[in-house]
Amino acid sequence: MSAVGPTPEPAWLTSTREAARARFAEVGLPSTRLESWRWSSTRRLADVDFEPATGHAADGVEAFIEDSRIGEASHEHVFLAGRHLPELARRREVSGLTVLPLREALADDRLRETLGGLAAWQDPADAFTALNLAGLQDGLVVHVARGASGGLVHLVHVAEGATGPTSAHVRLLVVAEATAELTVAETWLGHGGQTLTTHVAEVWLAPGARVTHAVLGEEPAGSHLVHTLRARLDRDAAYHGHLTWLGGGWVRSDVDLVCAGSGAEAVLDGALVLGGEAHVDSHTRLEHAVPHTASREAYEAVLGGKARGIFDGLVVVQPDAQQTDARQSSRNLLVSADATANAKPTLEIYADDVKCAHGTTVGQLDPDQLGYLRSRGIPRATARQLLTGAFVAERVAHLPSAPLRDRLQARVDGALARLQEDA
Amino acid sequence: MSDQAIDEHLRKAYEHGWVTDIESDTFPPGLNEEVIAALSARKGEPRWLLEWRLKAYRHWLTMTEPSWQKPHHEPIDYQSISYFSAPKSKDDAPKSLDEVDPKLLETYEKLGIPLAERAALAGVAVDAVFDSVSVATTFREELGRAGVIFMSFSEAVKHHPELVKRYLGSVVPIYDNYYAALNSAVFSDGSFVFVPKGVRCPMELSTYFRINEMNTGQFERTLIVVEDGAYVSYLEGCTAPQRDRNQLHAAVVELVAEGNGEIKYSTVQNWFPGDEEGRGGIYNFVTKRGICKGRGSRISWTQVETGSAITWKYPSVILKGDDTVGEFYSVAVTANRQQADTGTKMLHVGKNTRSVIVSKGISAGRADQSYRGLVRVNKGADNARNFTQCDSLLLGDRCGAHTFPYIEVKNPTATVEHEATTSKVSDEQVFYLRQRGLSEEDAVNLVVNGFCKDVFKQLPMEFAVEAQKLLAVSLEGSVG
């Protein structure tokens, strides 16, 4: 595996990388025997020789991503098969905001504390994090200074597998100092072909920091994305994760948010509109480690074709984390005969003065609602589209950034229309 | 309530903690094929049953103990368990209650089930299992007139081998899980119920289990079959004497409901939970499963779990026939260091199948409790409907309450709903009741009883009273 970049890699990273490589060789790909992988088989990956992509030309990428660009972004960085393309980056000077490709940021010794500080890789269930570390190519490091407002930082990842199966291993590190504000967006696209991408995002929120983190996954069939997201919230920090999966590929989304300071508040939204043979396994963990923290989690999935949507959500209330207020919900709408929904909303509670609730539903469109709309003269297809759209509309509306929300609405509408055509 | 009062109540010794001293005929500890052969010979079993046991034993040897569950316990030494224990009185086979060892009767007395009187008054036939051998059965005749077979498992093997052979292991196969395999190899005794076509069992059937021999693992085997259009309500309840060694109890219960048949299975479990440090309690690792085989059949599990150091069971229903219904109502109470990992599985296979799950968990002291359930809707299970409600009530800041529901849906016409909440008894509610003159303890009892009402109302009258009493005793003083 090649070193990260032109600047010599620091010794601490090399040795961690070696240890992670050894660990991955030892444990291998996670098997469905592991509780957290019971619904996602990795067998399909075992037989494919994924190679790190080399020397793909950036030609054509610019046009390909044009629709996904966000004009309002203060920083926009494009990665092709895990490599940063500086020529396509857009940068605007924002006071207090530092954004660097990982290979350039490595010179800073502070990275030693933060990079990899939240994403454990020893457990067999975290084998992909070990693989990511072993094969790490590039990534982005975002730092927002105390009290600064970083605006919107956008990452566009393009998977490239047209000339044979490729792998990419990338990272995102966000450090928001006290009372800093930032919106970070990730867009995942693909050119087709067989691809495997592992991504590990680590977000550090200092006291009072506020981060919105929106992820939009649109990789096509044939792609495999293991998306790992870790955030640590200090006192009075607020983190809003918003993940939308619309693609046709295989996605494992692994989220772990820790409310480590009192007053911290974590919000996690998930929206899935899946058709074809898409497979999205959302695995979330929200930990309340100290008293007086709150979390809100809501996932909504529209599943058509032969798609499979999995929600495996865990809320942990540690001993003494009194006054925790946690709510978790997962709603699934099956719109085809061959779609599958799996849900496992889990609570682990070790404190008594808490308010925790979760709810899950799996069902189809309400025939009464359909009947009502049809009685008003709305054609069946339109009525179905309206109701399925309404099912995920709340999640889209929950995204706080207006430019992101508008783009997302258009994308979700497109995905719903495709689902309608397939049906 | 003051901390001191809480501690006092928590320390309260186990009410039913005593050992009846009866000369017993017990195998020395240890398990191998010879022990199984001896056990089978001792019970005069036919060849096929011995072979079935040996097959289970050989399979068990290839299995490893499960480790995914939440409760933790010291490793169990299966060679230190004695696999057979029969009260001596069995040899001179009592013909009536008068001939039963007075000490046995005394035991029933303490348990509050004087056989004749209570059975007569309450209209309940009691097949009391005192350790491993059934020593008294009542109302056999009356049931016989209705065509209902209700006897100990060993008797059923003798008198109705064809029925036992047909249904034994048909719901819980020998290779099902570690403890079911062990049970299949060494099961001691249990109850057998068969209700023929169209018969509504004229009374509620009840068995009281007691574990009474030192170091004797209990491996009960219960098999209940209702034919087309038949109905039975079965009550299982237990208390156990105090002792200082952990005891393993690995029972298997199998229920089979044919077309339009209905089985209502109720349990009140109050085995010794261990002292306040969790020493000496019963390990209750049970496999309970029913199959709604025929169209329109119905199986309902109701359980009140207050005892045992570790309770680990998932009464399940396979909804195989069309239009079948499965129900699970549970109240589980854990105090001190008790651990419970319990829930249910509802497997929707047939069309228009329905299931309801209501689980109420109450955790106090340093106890740890989990609801673990599975609702699976198979591809062909059109219009399946499930509703699940599992709530936890926490009393004390060092206890744990966890919820692990699994939902797997492969049919778009299914409607599956799951709701869960976790909270403590609200200060406002307690304050309101106290202001009306109730003591704090009574106030909390009232709230807790209300919390469990949905489940209690599913219990037959006789049990509902016992259940409420148990709940109050189990939680006495755990609140403050």
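This is a predicted model: local features need pLDDT of at least 70, side-chain atom pairs count only at pLDDT 80 or more; totals for chains, interfaces and linings use all residues.
Figure 1. B:Thr306 lies in the loop of chain B that runs between strand E14 (298–305) and strand E15 (310–313). Apart from neighbours within four places in sequence, the residues in contact with B:Thr306 are B:Gln269, B:Asn270, B:Val333, B:Gln338, B:Leu470 and B:Ser474. B:Thr306 counts as buried because its relative accessibility is 3%. Of the 480 residues of chain B, 62% count as buried. Among contacts in chain B between residues at least 6 apart in sequence, 84% join residues at least 24 apart.

**Figure 2. The aromatic pair of B:Trp60 and B:Tyr178.** Over all chains, the structure holds 17 aromatic pairs. In the pair shown, the rings of B:Trp60 and B:Tyr178 are tilted, with 5.4 Å from centre to centre and 45 degrees between the planes. This pair links distant parts of the chain, as B:Trp60 belongs to helix H3 (residues 47–61) of chain B and B:Tyr178 to helix H9 (residues 178–186) of chain B, 118 residues apart. Both B:Trp60 and B:Tyr178 are buried. One aromatic cluster is formed by B:Tyr57, B:Trp60, B:Tyr78, B:Tyr178, B:Tyr179, B:Tyr283, B:Phe285 and B:Trp312.

**Figure 3. Charged side chains over aromatic rings in chain B.** The ring of B:Phe187 has the charged end of B:Arg53 sitting over it, 4.0 Å from the ring centre. At B:Phe451, the charged end of B:Lys360 sits over the ring, at 5.1 Å from its centre.

**Figure 4. The interface of chain A and chain B.** Here 34 residues of chain A are in contact with 32 residues of chain B. The two chains bury about 2,600 Å² between them, and 49% of this area is on carbon and sulfur atoms. A:Tyr350, A:Asp352 and A:Val362 supply 20% of the area that chain A buries against chain B, more than any other three residues. Between chain A and chain B there are 16 residue pairs in polar contact, with both residues at pLDDT 80 or more. On the side of chain A that touches chain B, strand E18 (340–349) and strand E19 (355–363) of chain A each supply at least two residues. E18(A) contributes the largest share of that side, 10 residues.

**Figure 5. Salt bridges between chain A and chain B.** The count between the two chains is 3 salt bridges. In one of them, the side chains of B:Glu408 and A:Arg38 meet at 3.4 Å, N to O.

**Figure 6. Salt bridges within the chains.** Over all chains, the count comes to 43 salt bridges. In chain A, the side chains of A:Arg296 and A:Asp325 meet in a salt bridge at 3.3 Å, N to O. That pair links distant parts of the chain, with A:Arg296 in strand E15 (residues 294–303) of chain A and A:Asp325 in strand E17 (residues 325–334) of chain A, 29 residues apart. A:Arg296 has a relative accessible area of 25% and is therefore partly exposed. In chain B, the closest N and O atoms of the salt bridge between B:Arg385 and B:Glu417 are 3.0 Å apart. Distant parts of the chain are again linked: B:Arg385 lies in strand E22 (residues 385–395) of chain B and B:Glu417 in strand E24 (residues 415–424) of chain B, 32 residues apart. B:Arg385 counts as partly exposed at 35% relative accessibility, and B:Glu417 counts as partly exposed at 24%. A further salt bridge joins B:Glu440 and B:Arg434, with the closest N and O atoms 3.8 Å apart. B:Glu440 is buried, as its relative accessible area is 18%, whereas B:Arg434, at 45% relative accessibility, counts as partly exposed. Salt bridges that share partners join A:Glu35, A:Arg38, A:Asp312, A:Lys344, B:Arg376 and B:Glu408 into one network.

Figure 7. With a relative accessibility of 52%, A:Glu87 counts as exposed. The C-alpha atoms of A:Glu87 and A:Glu62 are separated by 9.7 Å, and these residues are 25 apart along the chain.

Methods
Residues are numbered from 1 along each chain as its sequence is written. Chains are lettered from A and ligands numbered from 1 in the order in which they are written. Side-chain values use heavy atoms; hydrogens and water are left out. Rings of Phe, Tyr and Trp (its six-membered ring) pair if their centres lie within 6.5 Å; planes under 30 degrees apart count as stacked, over 60 as edge-to-face and the rest as tilted. Helices (H or I, at least four residues) and strands (E, at least two) are DSSP runs, numbered from the N terminus. Buried means under 20% relative accessible area, exposed over 50%, partly exposed in between (1.4 Å probe, protein chains only). A charge sits over a ring if NZ of Lys or CZ of Arg is within 6 Å of the ring centre and within 35 degrees of the ring normal. Contact means heavy atoms within 4.5 Å. Buried area is the accessible area (1.4 Å probe) that two parts lose on being put together, summed over both. A salt bridge is a side-chain nitrogen of Lys or Arg within 4 Å of a carboxyl oxygen of Asp or Glu. A polar contact is a pair of N or O atoms within 3.5 Å; within protein, one must be able to donate a hydrogen and the other to accept it, and residues adjacent in sequence count only if both atoms are side-chain atoms.
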